[in-house]
Amino acid sequence: MIGIALGGGALFMIVAMIACYNIGNQFAGESIYKVWTQESFPSEARASMQGFINGFSRFCCGLFALITPWLVAPERIQTTMYGFAGIVIISAIAGTVMISLQKKHGVGQM
């Protein structure tokens, strides 16, 4: 996201950074959250929680898709990418806190 923002909306930079994103996303995307839900919830609640989380996230993505064309217009894409980078940083902090709380309370440990 930062690469796209720093590239100022240049098509080559957008394509290159999306390629990098698609490579990295395989290691930190939906597959990882599915593993996390399988390990974080009791066996009797795993399927329900994973289904709820998956459905809710897809619903949010669907709503967000309504405004995506406006956000990625050439005159706005740089600001949008900085905003997305900020969201990624906040998510990383939230994930770090979640991991430390799971370790502290012994959640998901066998």
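**View 1. The buried residues of H6.** Ile77, Thr80, Met81, Ala85 and Gln102 are the buried residues of H6 (buried means under 20% relative accessible area, exposed over 50%, partly exposed in between, with a 1.4 Å probe and protein chains only; helices are DSSP runs of H or I, at least four residues, numbered from the N terminus). This is a predicted model, where local features need pLDDT of at least 70 and side-chain atom pairs count only at pLDDT 80 or more, while totals for chains, interfaces and linings use all residues. Residues are numbered from 1 along each chain as its sequence is written, and side-chain values use heavy atoms, with hydrogens and water left out.

**View 2. H6 from end to end.** Residues 77-105 form this helix of 29 residues, which reaches 41 Å from first C-alpha to last, close to the 42 Å expected at 1.5 Å a residue (1.5 Å times one less than the number of residues). Just after H6 comes glycine 106, with a positive phi of about 70°.

**View 3. The salt bridge.** The structure holds one salt bridge (a side-chain nitrogen of Lys or Arg within 4 Å of a carboxyl oxygen of Asp or Glu). Glutamate 75 pairs with arginine 76, their closest N and O atoms 3.5 Å apart. Glutamate 75 is exposed at 60% relative accessible area, and arginine 76 is partly exposed at 24%.

Conventions. Helix = DSSP H or I, 4+ residues; strand = E, 2+ residues; numbered from the N terminus.
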